[in-house]
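Here are my notes for your first look at this structure. Keep the picture open while you read, and find each residue as it comes up.

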Amino acid sequence: MPAWEQRKLGELFDYEQPQPYIVRGTEYDDSFPTPVLTAGQSFVLGYTNEKQGIKMASPEHPVIIFDDFTTSSHFVDFPFKVKSSAIKLLTLRDKNEDIHFAYQVLQNIAYTPVSHERHWISKFATFATLMPECKSEMQAIGHFMSNLDGLITLHQRKYDKLVIFKKSMLEKMFPKDGESVPEIRFAGFTDPWEQRKLGEIGFRESW
């Protein structure tokens with residue numbers, strides 16, 4: 001197999017400025033069709049009903065959104081708008097290469113921002129990394145990593161639902177203020193709960 005070669009990220013990606021796709025209003029509603037994205041941890045800020053200036057990403061034409069200040073990024077394969085002007089929209093220069101692989105390359109860059117500046121043009125585009133010359137190897141790695149990301153997303157959604165479910169159960173399986181019995185109980189338990197101080201339950205260890 002051919003050796004891997006050193007390439008700069010600026011040779012791998014084209015970038016687009018986000019201004020045409022910035023949302024105008026902030027009256028989001030989950031019933032609206034178009035997600036408003038940020039490249040930060042929250043990712044989806046909300047949903048808008050604005051009809052103009054939508055970036056028409058799709059599974060056939062995905063993009064990567066890159067936060068120019070924090071350097072975080074997300075893979076996007078659905079139509080969207082963005083909130084911030086501090087975002088670059090990245091696509092492949094060579095459409096025959098694999099964008100899933102390219103996204104993993106970007107995720108694998110070990111860099112922590114130390115100043116509030118725009119990073120793509122000044123730094124990230126100049127970073128060099130090893131990549132396979134063989135496009136089939138790129139596709140194999142990209143496909144494998146994409147499947148892993150899908151599994152992670154699936155389990156994250158399950159986790160998020162379980163957290164919400166637990167919160168609901170905590171509210172219903174403990175008495176509300178002023179009451180002595182919870183809303184939901186296991187079968188066979190009917191006695192009222194009693195008021196006790198935390199100091200009566202636990203103990204403080206002396207050092």
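Does Phe43 count as buried or exposed? With a relative accessibility of 19%, Phe43 counts as buried, because the cut-off for that word is under 20%. Before we go on, bear in mind that this is a predicted model.

1. **Phe43 and its backbone.** You'll find Phe43 in the loop between E3 and E4. Have a look at its backbone: phi is positive there, at about 65 degrees, even though Phe43 is not a glycine. As background, most residues other than glycine have a negative phi.

2. **Ala39, in that loop too.** Ala39 sits in the loop between strand E3 (34-37) and strand E4 (44-48). Its relative accessible area is 0%, so Ala39 is buried. What is Ala39 in contact with, leaving aside its neighbours within four places in sequence? The answer is Ile65, Phe66, Asp67, Ser72, Ser73, His74 and Ile87.

3. **Strand E5.** Several of those names bring us to strand E5, residues 63-67. How many of its 5 residues are buried? The count is 5 of the 5, so the strand is largely enclosed by the rest of the structure. Now look at which way the side chains go. In a regular strand the side chains alternate between the two faces of the sheet. Here Val63, Ile65 and Asp67 point one way from E5, while Ile64 and Phe66 point the other way, and all of them are buried.

4. **The partners of E5.** Which strands does E5 pair with? One is strand E6 (residues 73-76), antiparallel to E5 over 4 bridges. To place this pairing in the picture, find Ile64, which stands opposite Phe75 in E6. Another is strand E8 (residues 87-92), and that pairing is also antiparallel, over 4 bridges. For this one, find Asp67, whose bridge partner in E8 is Ile87.

5. **The turn from E5 to E6.** E5 and E6 form a hairpin with 5 residues between the strands. Thr71 lies in this loop. Thr71 is not a glycine, yet its phi is positive, at about 70 degrees. Is Thr71 buried or exposed? Thr71 is buried, with a relative accessible area of 12%.

6. Side chains of opposite charge can pair when their charged atoms come close. The count for this model comes to 9 salt bridges. One of them joins Arg7 and Glu97, with the closest N and O atoms 2.7 Å apart. Arg7 lies in strand E1 and Glu97 in the loop between E8 and H2, so this pair ties together parts that are 90 residues apart in sequence. Both Arg7 and Glu97 are buried.

7. **Another link across the chain.** Lys55 forms a salt bridge with Glu16, and here the closest N and O atoms are 3.0 Å apart. This pair also links distant parts of the chain: Lys55 is in the loop between E4 and E5, Glu16 is in strand E2 (residues 13-16), and they are 39 residues apart. Lys55 is buried at 16% relative accessible area, whereas Glu16 is partly exposed at 27%.

8. Next, find Lys123 and Glu117, which form a salt bridge with their closest N and O atoms 3.2 Å apart. Lys123 is partly exposed at 24% relative accessible area, and Glu117 is partly exposed at 26%.

9. **Helix H3.** Last, turn to helix H3, residues 135-173. How far does H3 reach from its first C-alpha to its last? Its 39 residues span 56 Å, close to the 57 Å expected at 1.5 Å a residue. The buried residues of H3 are Met138, Gly142 and Met169. Among the elements that cover these buried residues are strand E1 (4-8), helix H2 (99-107) and strand E9 (128-132).

Definitions and conventions. Residues are numbered from 1 along each chain as its sequence is written. This is a predicted model: local features need pLDDT of at least 70, side-chain atom pairs count only at pLDDT 80 or more; totals for chains, interfaces and linings use all residues. Side-chain values use heavy atoms; hydrogens and water are left out. Buried means under 20% relative accessible area, exposed over 50%, partly exposed in between (1.4 Å probe, protein chains only). Helices (H or I, at least four residues) and strands (E, at least two) are DSSP runs, numbered from the N terminus. Two strands pair if DSSP finds at least two bridges between them. The expected span of a helix is 1.5 Å times one less than its number of residues. Contact means heavy atoms within 4.5 Å. A salt bridge is a side-chain nitrogen of Lys or Arg within 4 Å of a carboxyl oxygen of Asp or Glu.
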